[in-house]
Amino acid sequence: MSVYEVEEKLKKKGFDIETIGVTVRKLQELHLLDDEKYANNMARSMATLKGYGRYVITRKLQGKGIDRCLVDKAVEKVYEETGEAEFASRLVLKKTKGAQLRFEDKDRIRSEEHTSELQSH
């Protein structure tokens with residue numbers, strides 16, 4: 001979770017601002033709450049596992065209250081590590097695989113319909 005998300009969760013549970021501040025600082029001191037690491041991990045996950053592009057990753061991380069500077073660094077790091085061409089290739093494969101499956105489904109359905117017609121005659 002991001003600092004913002006922890007703060008919001010504690011607010012919803014009724015904790016006062018001072019307690020929230022102390023709690024967040026303690027979690028950061030213990031290295032249990034770190035927006036930079038969180039942004040890096042989330043950006044990598046969204047790019048590699050979900051196939052999200054720069055814009056979507058940026059919007060989702062900002063929605064978690066992460067500072068724009070940290071978001072930009074995290075997104076840049078992910079694309080430097082893997083390369084934009086690699087992500088583009090994965091996206092094309094993902095999209096064409098889905099299209100291929102749809103064509104295979106259509107062929108299967110046509111075959112089943114044809115078999116049904118032959119059996120009914």
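A salt bridge, as the term is used here, is a side-chain nitrogen of Lys or Arg within 4 Å of a carboxyl oxygen of Asp or Glu. This tour goes through a predicted model, in which local features need pLDDT of at least 70 and side-chain atom pairs count only at pLDDT 80 or more, while totals for chains, interfaces and linings use all residues. Residues are numbered from 1 along each chain as its sequence is written, and side-chain values use heavy atoms, with hydrogens and water left out.

**Whole chain.** Show the chain as a cartoon to begin with: the secondary structure comes to 6 helices and 0 strands, where helices (H or I, at least four residues) and strands (E, at least two) are DSSP runs numbered from the N terminus. Buried residues make up 21% of the 121 residues; buried means under 20% relative accessible area, exposed over 50%, and partly exposed in between, with a 1.4 Å probe and protein chains only.

**The largest core.** Next, select A43, I57, L61 and I66, which touch the most other members among the 13 residues of the largest nonpolar core, a nonpolar core being a set of buried Ala, Val, Leu, Ile, Met, Phe, Trp, Tyr and Cys residues joined through side-chain atoms within 4.5 Å. Helices α3 (35–48), α4 (54–63) and α5 (68–82) each supply at least two residues of this core. Apart from this core lies another, of 6 residues, among them V3, V6, V24 and L33.

**A43 and N40.** Return to A43, which touches I57, L61, A74, V75 and V78 when residues up to four places away in sequence are not counted; contact means heavy atoms within 4.5 Å. Then select N40, also found in helix α3, which is buried at a relative accessible area of 13% and, leaving aside its neighbours within four places in sequence, is in contact with A74, K77 and V78.

**Salt bridges.** The count comes to 5 salt bridges. Select K64 and E5, whose closest N and O atoms are 3.2 Å apart; K64 sits in the loop between α4 and α5, and E5 in helix α1 (residues 3–12), 59 residues apart. K64 counts as partly exposed at 22% relative accessibility, whereas E5, at 18%, counts as buried.

Move on to R44 and E81, whose side chains meet in a salt bridge (3.4 Å, N to O) that links helix α3 to helix α5. Finish at R68 and D72, with their closest N and O atoms 2.9 Å apart; these two are separated by about one helical turn because they lie 4 residues apart in helix α5.
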